[in-house]
Amino acid sequence: MSRPRPAGPPERTGPAGGPAPVGIDELLERVRSGFVRVGPGEAAAAAADGALLVDIRYAELRRRDGLIPGALVVERNELEWRLDPYGSHRVPEAVGHDLRIVVICDEGYASSLAVASLHRLGLHRATDLIGGFQAWRAAGLPVQA
């Protein structure tokens, strides 16, 4: 017995009945619709209120452009393992699923995808910085060499 389909456009399917392929712009739009992103001033204020700023930029960008003082550096390929409060490889700052996290990449694209992954781990207060590190620096917020 089949269930009635909900109203709305038909779901697209891809090969073998899986999800239909999407472009990166559509994917970013979809994941960003699931959380409220913050600007540089809001990120700084969140950090002052105890949020964890997490810099996921790769080493060469950090060497070239500097660091945000107090931000936790976790390269993107280790992010879920380091921030999972249940994980055996978590950082000491990963104290629970209610932790406020602001993920920062270079320009605010990869961080959105990273936040979607953190949400799937149950870190529902994770968000990212609009414009990334470059927006932080352009806003005149502190950067250390």
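Modeller: Start with handedness: α1 passes α5 in a left-handed crossing. Left-handed means the near helix is turned anticlockwise from the far one by less than a right angle; clockwise is right-handed. Helices (H or I, at least four residues) and strands (E, at least two) are DSSP runs, numbered from the N terminus. This is a predicted model: local features need pLDDT of at least 70, side-chain atom pairs need 80 or more, and totals for chains, interfaces and linings use all residues. Residues are numbered from 1 along each chain as its sequence is written, and side-chain values use heavy atoms, without hydrogens and water.

Biologist: At what angle do α1 and α5 pack?

Modeller: About 50°, with the axes 9 Å apart, for α1 (residues 24-32) and α5 (residues 110-120). That makes α1 oblique to α5.

Biologist: Which residues of α1 and α5 meet?

Modeller: Contact means heavy atoms within 4.5 Å. I24, L27, L28, V31 and R32 in α1 meet S112, L113 and A116 in α5.

Biologist: Which residues have the most contacts inside the largest nonpolar core?

Modeller: A nonpolar core is a set of buried Ala, Val, Leu, Ile, Met, Phe, Trp, Tyr and Cys residues joined through side-chain atoms within 4.5 Å. Buried means under 20% relative accessible area (1.4 Å probe, protein chains only). Here the largest core has 19 residues, and V54, I56, L79, L83, I101, V103 and L118 have the most contacts inside it. α5 gives the most to this core, with three residues.

Biologist: What does L118 touch beyond four places in sequence?

Modeller: L118 is in contact with L79, L83, I101, V103, L123 and A126.

Conventions
Axes fitted to C-alpha atoms, helices over the stretch in contact; angles between N-to-C directions. Parallel < 35°, antiparallel > 145°, perpendicular 65-115°, else oblique. Buried < 20%, exposed > 50% of the residue type's maximum accessible area, 1.4 Å probe, protein only.
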